Amino acid sequence: MSVNGKMSLGERIEGGFAQVYKALCLATGLFVAIKMIDKRVMLERNMENRVRQEVVIHSQLKHPSILELYTFFEDDNCVYLVLELARHGELQRFLRSLGRTMSEMEAAAVMKQVVAGLLYLHSHRIIHRDLSLSNLLLMDDRHVKIADFGLAIQLMAPDERHVTLCGTPNYMSPEVASRTSHGPPADVWSVGCMLYTLLVGSPPFATAATTMTLNRVVTSPCQMPSFLSAEATDLLQRLLQKDPSERIALDDILQHPFMQKTHPLASLFQQSIDSGFANSSDNHKSTQRPRRPHSNALEATQSAPSEATSGRFLGLMSKQGGSLESLSTNRVILSDHDRWRTPEKRLDVPALSTRRLQATRYTTKNVVFHILQSGEVTVEFIRARTLGECVTQVCRISGDGQRIVVYSPQGGAVPVREEPPEIPPNGPEGIFNLENLPEIHWKKYKYAARFVDLVRAKTPKVTYYSQHAKCQLMETLVDFEAMFYSGGSVVRNGENGAKIRNSSNGVVVTDKGGGNLGETEKWMWEHSEECFRHCCELERILQRVTTGECFPAIVGRRPTNSHRDSNSLPRTPNLSNLSSFAMGMSSTTSQRHPQALRTIQNWGNGQEKQDFGGFHVVGETQPFDRHHQQAVRPMRQQNYMENTDQTPLSSRPMRLMR
């Protein structure tokens, strides 16, 4: 069969939306691949933009790790893309024929070539968005090349983002799967999935159902097999970070110790040839290559019109004026189901962030809030059942506040436990991003955001030891506490002004002007104001540091000659002033902290409620136990066993131990 009198078609290589044939160029004698796209099918599936975008982007590319598009043309029935022939076919099919996974050295050799190709694409602001082992092709010269640019987009600005759900589920990034805005880091995630598959034999989140796969991509951690080396495990963990901002940069991948491993791929190809996978009938091909089209393929086509280029598809392209930049802005929409529109009404709450916040569990009458170790926030809604309180619905929010998953536990309701219920096998009720969150779920998000804000208001970002007080500027940059070594404190709250407590435990409530204060309280206020400004300046300076994480920061140390007082001990988030929530909380504490011992020893006389509002955390925040006495009593008994005279620690003399 001849196409346009220039190509002689041979066997079909691949079928689907487009038919791919091996063909012989009659002018040069070179074997090529021809991708034939049926115009009728293209129009039925509303995929004109997708095909146009593929041609425009692919025709610009020239790199050893990118499959080359030699030229393209069309007739009344089809659009034809003439591509470089990859005789060994898809990497996925090639590995299946081998019957084994790759060694780490072989996988590193493959991924070096893939990352090199991605660096070239990203340098031209092109995101592939469909990287998978099926879109990696093997060449005769043992090179791996990236193919299929049907879902690729070219960004007009470095910070441009898109929300289209597209790609192969097993290799799709969490931000794409949840329709959150995504950019180049989505390709980095796909690199991690491909590397994992080469080493393990299956994608990291693969399931039998597409919906469940996407759920696992969004919510489940990646399990690393024990047989992987430490270098491989470290690289995979850095590639498969749920948060795009936490993923390793492409440049850094090539410098990673795992990528320094080398292994020639010749042995892989030899096994393939010996097994008959490769077709040796092409060995007589000529080294001459067909003439590559003009760098602007559209202009070259228009400057030499022919019967083949006068069809409807290229006619639509010519209406755009032949500009590559104007055509590359088209958005790819997979189907009507995948179309996304910005709702007319948007949630007026800034995106929450749990960065640097400790894991915390907080229980009210009807809701359980939880900041997980992963940084995710869960809101569990509780209802009374015949067998007790049960969780009936869960809202799970990513640490950056952009991804929201709403689901009901398996069976409809489960008892309240230490950890939130898992997503049921049949999937969640919905996966959303902040921009398209339905109004019915706005209240859930506001609850979570308010809880996170309150925790941030009690989480120190900068701790500064002055000559007279330990001062802490909180994550909100508005809330501030100064705990004086001689006793007393000044606590600033962004909403409620300030509270000054003198050394005799008297409390004076004042505004920020500091009026109607005694001499001692006025001095405490002025010193706290000076320290507050100092902490803010420290925060601004450290914020400019671009390498590493500077917070939480501790500056200075407590003076050795200062009077020791329990008020100056290190403090961690105290949520006693969460008056907006129905407090029904408890916690576990560590016996190594004196203030925790004081809380435990005063248990039962009501003092701990007055001082701590029923909630105090020392050191790393632990999950709260609703039945706090089960956690506290054994510790209390142990403390009394260690202190047989049962006198309060504060009244006992200090002993020097040899």
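**Exercise 1. Which residue just after helix 4 takes a positive phi?**

Solution. The model is predicted: local features need pLDDT of at least 70, side-chain atom pairs count only at pLDDT 80 or more, and totals for chains, interfaces and linings use all residues. Residues are numbered from 1 along each chain as its sequence is written, and side-chain values use heavy atoms, with hydrogens and water left out.

Step 1. Helices (H or I, at least four residues) and strands (E, at least two) are DSSP runs, numbered from the N terminus.

Step 2. Just after helix 4 stands Arg-125, with a positive phi of about 60 degrees.

**Exercise 2. Describe the salt bridges of Lys-62 and Arg-247, and the burial of each partner.**

Solution. Step 1. A salt bridge is a side-chain nitrogen of Lys or Arg within 4 Å of a carboxyl oxygen of Asp or Glu. By this rule there are 19 salt bridges.

Step 1. Lys-62 pairs with Glu-68, their closest N and O atoms being 3.0 Å apart. Lys-62 is partly exposed at 45% relative accessibility, whereas Glu-68 is buried at 5%.

Step 2. Arg-247 forms a salt bridge with Glu-175, the closest N and O atoms being 2.7 Å apart. This pair links distant parts of the chain, 72 residues apart: Arg-247 lies in the loop between helix 8 (230-239) and helix 9 (250-255), and Glu-175 in helix 5 (residues 174-177). Arg-247 is buried at 8% relative accessibility, and Glu-175 is buried at 4%.

**Exercise 3. Locate the salt bridge between Glu-376 and Arg-396, and name the members of a salt-bridge network.**

Solution. Step 1. The side chains of Glu-376 and Arg-396 meet at 3.2 Å, N to O. Glu-376 lies in the loop between strand 12 (367-371) and strand 13 (377-385), and Arg-396 in strand 14 (residues 388-397), so the pair ties together parts that are 20 residues apart in sequence.

Step 1. Both Glu-376 and Arg-396 are buried.

Step 2. A network of salt bridges links Arg-355, Arg-356, Glu-475 and Glu-549.

Methods. Buried < 20%, exposed > 50% of the residue type's maximum accessible area, 1.4 Å probe, protein only.
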